[in-house]
Amino acid sequence: MRRFFTVLDVLLVLLLLSEAPWAVWGSLHCDQTSSGVIRPHSVAITEFGAVGDGVTLNTKAFQNAIFYLNSFADKGGAQLFVPAGRWLTGSFDLISHLTLWLDKDAVILGSMNSNDWPVVDPLPSYGRGRELPGKRHRSLIYGCNLTDVIITGDNGTIDGQGSIWWDWFRKETLGYTRPHLVEFINSTGVVISNVTFLNSPFWTIHPVYCRGELRLFFWMNSQVVVQNVTILAPLDSPNTDGIDPDSCNDVCIEDCYISTGDDLVAIKSGWDEYGISYARPCTNIIIRRLVGETNSSAGIAIGSEMSGGVSEVHAESLQFFNSKTGIRIKTSPGRGGYVRNVYISDMYLVDVNIAIRFTGQFGEHPDEFYDPTALPIIENITVKDVMGENIKFAGLLEGIEGDNFVNICLSNITLNVTTESPWNCSYIHGYSDLVSPEVCEPLGERIYPRHSLDCYHLPTHLGSVSNRKRGSWLLSW
């Protein structure tokens, strides 16, 4: 006999889920990627006149190949195969139901002529280019309003040849904001796997406004999966973030190695009054088994552009070395928005300047029209099961006067710190247990037994906290 759910049934389920965040996270996992899907139609880029000598510009060949493959979008989709060679190109669009497959010795090279990167309107949640007023250059590989699009292969390479852009940036001769290497806008079913990305002019992988739907009991399949990728840029290259989910939901990032000149992963949701107005949060972000280094920035950052809100971030099995910061939340008066329900666990740090950092006065505003009274809400941040060697500062945790960051919970953290004053805390409040060196006074009150329910995603008994799960994963590195 078929059981029909009543409105009361649904309300009871939603109430249980709202009262038990562990129930949601306990069922969340990164879906298996569909990067191995067999498309019924396949062509090689050479069939459209492309020449892989690293000199011939192949933009038209990529554009023509994808235009041809669009005719198969409603026939099971298609694959564009890029064989061994060095394939110079300007910016090109992808289409729905497409796999871009790179051979292991294939290198897609971004043109070093800025005219080959078209200029487009700024994102509405930013109101202008991120580094210059006005428009911005479009990414090398671009997609908008797509469904079921895959970039994968046998660990081929996409090289943005960003050094010329970095020089223009340093010399302040840019006319527009620099381009990303890969950007997908308002797309679903995006998979990026088994590819190496080099030398992005700006942020490397930028999914923005990619959103899913809420189903009963669980979120639908990840809208963006970035899995088994390597991202490299010189450690002094400017703003070469690794992966920046921006006003997206249902994003999975796992098994990645990133070494760049900025944040390895930065979770964003719009900038000041433009992000507040656009109101597209970034939520349900899963990060697992991330390894990397950054001399100037953080392993995982939230913000500073977080005006649309960021929530439900779950990161585990992390290893950062030779880096400035492990985990960082960046915001400022004028941002508005919120960062809440963030859970970081199983993190190992080596030769890191600051293990955990909150910055409430980051600054950087798009224009003079931002509202300085728009204060962000930062709450329900849990960091647990952390080990660190040769750490300079355990934590620099700076909230905003009159706008405390609250329910900050630190548990089971052991850091070998080289300074006499390991913690510096202001305008924050929270709880801690099993933290060494001894934590700052605003976090000094014990989590257990009175405050476990104030801490996001922590078990309700101390024994569960002290049982570290990370040992086997960390020892494998």
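**Disulfides and parallel strand pairing in a predicted model**

The torsion about the S-S bond of C409 and C455 is about -75°, so this disulfide is left-handed. The bond links distant parts of the chain, with C409 placed in strand β28 (residues 405–417) and C455 in the loop between β30 (428–436) and α6 (462–466), 46 residues apart. The S to S distance for C409 and C455 is 2.0 Å. Both C409 and C455 are buried. The structure is a predicted model, and the number of disulfides in it is 2.

The other bond to be described joins C425 to C440, with an S to S distance of 1.9 Å. Its torsion about the S-S bond is about -80°, so the disulfide of C425 and C440 is left-handed. C425 belongs to strand β29 (residues 423–426), whereas C440 sits in the loop between β30 and α6; the pair therefore ties together parts of the chain that are 15 residues apart in sequence. C425 is buried, as is C440.

C210 and C248 were examined as a further cysteine pair. The cysteine sulfur closest to that of C210 is in C248, at 4.2 Å, which is too far for a bond; a disulfide is counted only where the two sulfur atoms lie within 2.5 Å. C248 accordingly takes part in no disulfide, the sulfur of C210 being the nearest cysteine sulfur to its own. C210 has a relative accessible area of 0% and is buried. C248 is likewise counted as buried, at 0% relative accessibility.

Confidence in the model was considered next. The average pLDDT of the protein is 90, and 87% of the residues score at least 70. Residues 1–5 have a pLDDT below 50, and this stretch makes 3 contacts in the model beyond near neighbours in sequence. The pLDDT is also below 50 over residues 461–477, a stretch with 32 contacts beyond near neighbours in sequence. Helix α6, which spans residues 462–466, is placed by its numbering inside the stretch 461–477.

An open sheet is formed by 4 strands in the order β5-β10-β13-β16, with parallel pairing. The partner of β5 is strand β10 (residues 141–144), to which β5 is joined in parallel by 2 bridges. Across this pairing, D93 stands opposite Y142 in β10.

Strand β21 (residues 249–259) pairs with β23 in the parallel sense over 9 bridges. Pairing between β23 and strand β25 (residues 310–330) is also parallel and also extends over 9 bridges. R288 of β23 takes part in both pairings: E254 stands opposite R288, and E316 is the bridge partner of R288 in β25.

Technical notes. Residues numbered from 1 in each chain as written. Predicted model: local features only at pLDDT ≥ 70, side-chain atom pairs only at ≥ 80, totals over all residues. Heavy atoms only, no water. Pairing = 2+ DSSP bridges. pLDDT = per-residue confidence, 0-100. Contact = heavy atoms within 4.5 Å. Buried < 20%, exposed > 50% of the residue type's maximum accessible area, 1.4 Å probe, protein only.
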